[in-house]
Amino acid sequence: MIRWVREHSWLPEILLSLSLFAILGGVDFASSGALALVPALLSCVSILFIRRFLYLAPVALLMAATMQISFGLDLLLSSFAGLLTVLLQAAFGTLIWRQVTVIVSNVAGFSIVWLVVFQNDLRSVGGLVISNESARWILFSGGAVLDVALNTLAWIFGRLLITRLTHVGTTSDRAKLLHDQARLSIEVARQTERLGIARDLTDLLVQRISAVVSLVQGANYTAKIDTASALRALDKIESSAMASQQELRRLYDMLHQDHKMTSAPPRIADIEPIVIAMRELGYNAAMTTDGVPFDLDEGAELCLFKIVFEALENVKKNTVLGTSVTVDFYWTNEGLQVLIKDNGVETKVRNGDSTTALMGYSVADDLDALVRVVDGATLRVLRERVALYEGSIEANHVAGVGFTLSALFPHLKAVAGI
Amino acid sequence: MATGIRVGLVDADSSIRLGRRMVLDAALDMSVVFEEDSVARVIDKFDDYLLDVLLVEQRLRGTTGIELTEVLTEIKIANANNTRILVTSVFSTPELELSAFKAGASGFVSQDLGPHYLLEQIRKINSRSVLHSRGELHSLWENAAQTVSNDVSLSLYLENLVEVEVKTLKMLVEGHQGSTVSQTLEIPLYRVRKSFERALTALHLATLEQLQLRFIGAGIRSE
């Protein structure tokens with residue numbers, strides 16, 4: 001369920017908004033008339049903006065409260081849609097906008113309570129008669145406290161929800177993790193066993209090669225004075241070298257047999273699950289494909305997978321949660337460009353996590369982004385891989401935004417197409 | 001009756017032993033009088049062969065050359081056996097070399113250094129001269145990332161010696177030959193030898209290299 005929500009950008013919000021509008025709006029329509037549909041609609045619309053265009057959510061909530069007050073309506077059930085917006089934005093929104101939304105929701109709540117208690121000539125609540133002004137103030141205070149409590153509860157529940165989803169996971173996530181761990185444990189045990197065998201075989205090889213060297217040295221010394229000894233040494237050298245070769249063959253067979261067993265290198269199709277996993281970790285990751293893909297050999301597909309994988313690892317390492325990252329494949333008739341862009345710096349600034357929040361970026365940052373060559377061990381390895389397919393790779397800081405990695409393969413079809 | 005340097009070979013691999021034997025037999029000044037692949041039999045027979053130099057390969061069945069050297073060194077100390085041990089190995093590392101010297105080996109030769117070097121080392125070891133300077137062993141100590149710590153028994157032993165004996169030991173540890181020490185300190189050569197033998201006995205050591213490493217390990221320098 002949560003995976004489906006994260007895989008789709010707008011559909012979950014639209015479905016939720018429509019459902020809520022149908023239920024809550026319907027109840028409000030029945031109890032308060034057609035005018036109640038306007039604030040109900042606005043409250044439900046605010047749910048649309050829990051992950052995209054976050055600033056529109058508090059605007060919609062504020063407009064819903066204004067409409068409700070201006071129409072002089074009593075308490076509406078659709079106000080709970082506002083609480084749901086607070087909850088969901090606390091889970092999925094950025095720091096600033098989830099704060100703004102909860103404040104707006106509180107203020108809207110106060111205003112509605114004020115309207116109900118003071119403007120609508122309220123005479124009694126739940127059988128209790130409101131006899132004087134003091135009773136109204138007590139009622140308003142109670143309503144305000146309830147409003148704050150509900151909003152705070154929604155906020156806390158939202159944060160709890162996202163924390164649980166990100167760091168604990170669902171039952172199926174944990175089950176998958178356990179399964180993966182078990183599989184990896186078996187793999188590690190198998191690899192350890194193989195390593196032991198390889199070590200033993202290597203020991204034997206060292207022994208055999210050492211014997212060959214020793215015999216050659218001996219033969220070299222005796223050849224001049226005792227030809228018969230030298231010939232005996234040659235026989236020994238031959239048998240020792242053959243024994244070495246057999247040990248080497250065993251080692252070769254073992255290593256290559258295992259290679260076949262585990263040789264299912266990742267392909268381009270395996271990138272999509274990684275992008276989804278990025279979303280589950282809390283990044284706004286998306287993947288697009290432009291043009292018509294052509295078939296590539298395994299090596300080229302592995303190379304492309306490695307590029308995207310390393311770029312996404314870099315995003316995880318260097319950016320904050322909520323960063324948008326896009327993986328774009330541009331296929332041409334002969335080649336391919338892979339572009340991985342993130343807005344890590346922008347997100348960090350927007351979240352107020354950086355001291356440069358109010359400064360944006362400077363001319364120096366801009367210049368630095370233009371002239372500084374991004375380099376590193378991983379990038380160097382990727383460059384070597386990419387060069388095998390006549391490609392090039394470029395990494396750039398985009399001042400005030402984030403990081404871009406571009407891999408260009410102009411002749412990929414000719415080099416690795418099948 | 002074998003002439004020249006009496007050499008013994010301990011190696012689990014018969015082909016390696018054959019190769020070594022051919023090299024040693026081709027040298028006119030040494031002969032192989034003992035050859036063994038079993039560690040137990042080596043320990044049993046070690047004292048019976050009056051060997052000058054015993055070549056112990058690091059890779060043995062059930063143990064290592066260094067462990068065997070430790071056992072043989074105990075036998076040497078107990079029976080005043082003068083056989084010198086040379087540890088051989090396919091590869092060399094500072095740790096391995098240092099361990100061999102600590103165990104009581106007088107030399108260490110890896111296969112990649114070649115048969116010429118092996119023969120040269122056997123001759124040097126047999127000459128009973130000082131083979132390693134303090135500086136060489138100190139470099140080895142540092143390369144093997146060893147640390148210096150207080151050696152109470154060595155300090156106490158040196159405190160109870162007369163000044164000339166301390167100087168004698170320090171000069172030997174530095175790598176000076178006995179004759180040079182004798183001339184410098186103006187004492188007879190036999191006193192130099194006696195000082196050295198007394199030190200080995202008191203500190204339960206068998207070789208000069210072990211004594212040098214004790215000085216290095218304790219951080220004791222010559223003035």
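**View 1. Strands β4 and β5 of chain B in the predicted model.** Strand β4 (residues 84-89) of chain B is joined to β5(B) by 4 bridges, and the two run parallel. Strands here are DSSP runs (E, at least two residues), as helices are (H or I, at least four), numbered from the N terminus. Two strands count as paired if DSSP finds at least two bridges between them. Val87(B) has Phe108(B) as its bridge partner in β5(B). Helix α4 (residues 94-103) of chain B packs on the sheet and touches β4 and β5 of chain B; contact means heavy atoms within 4.5 Å. The direction of helix α4 makes about 150° with that of β5(B). Axes are lines fitted to C-alpha atoms, for helices over the stretch in contact, and angles run from 0 to 180 degrees between N-to-C directions. The view shows a predicted model, in which local features need pLDDT of at least 70, side-chain atom pairs count only at pLDDT 80 or more, and totals for chains, interfaces and linings use all residues. Residues are numbered from 1 along each chain as its sequence is written, chains are lettered from A and ligands numbered from 1 in the order in which they are written, and side-chain values use heavy atoms, with hydrogens and water left out.

View 2. In chain B, 5 strands form an open sheet with parallel pairing, in the order β2-β1-β3-β4-β5. Strands β2 and β5 (107-110) of chain B are the edges, each pairing on one side only. On average, neighbouring strands of this sheet are turned by 25° against each other, direction ignored. Helix α1 (residues 14-26) of chain B packs on the sheet, where it touches β1 (5-10), β2, β3 and β4 of chain B. The direction of helix α1 makes about 160° with that of β2(B).

View 3. Helix α5 (residues 114-126) of chain B contains Gln121(B). Gln121(B) has a relative accessible area of 7% and is therefore buried; buried means under 20% relative accessible area, exposed over 50%, and partly exposed in between (1.4 Å probe, protein chains only). Neighbours within four places in sequence aside, Gln121(B) is in contact with Leu86(B) and Val109(B).

**View 4. The salt bridge between Asp151(B) and Arg214(B).** The two side chains meet in a salt bridge at 2.6 Å, N to O. A salt bridge is a side-chain nitrogen of Lys or Arg within 4 Å of a carboxyl oxygen of Asp or Glu. Asp151(B) lies in the loop between α6 (134-143) and α7 (152-159) of chain B, and Arg214(B) in helix α11 (residues 208-218) of chain B, so the pair ties together parts 63 residues apart in sequence. Asp151(B) is buried at 13%, whereas Arg214(B) is partly exposed at 22%.

**View 5. The salt bridge between Asp37(B) and Arg61(B).** The closest N and O atoms of this salt bridge are 3.9 Å apart. Relative accessibility is 24% for Asp37(B), which counts as partly exposed, and 56% for Arg61(B), which counts as exposed.

**View 6. The salt bridge between Glu313(A) and Lys316(A).** The closest N and O atoms of the pair are 3.0 Å apart. Both residues lie in helix α11 (residues 298-318) of chain A, 3 residues apart, about one turn of the helix. Glu313(A) is partly exposed at 27% relative accessibility, and Lys316(A) is partly exposed at 33%. Over all chains, 19 salt bridges are counted.
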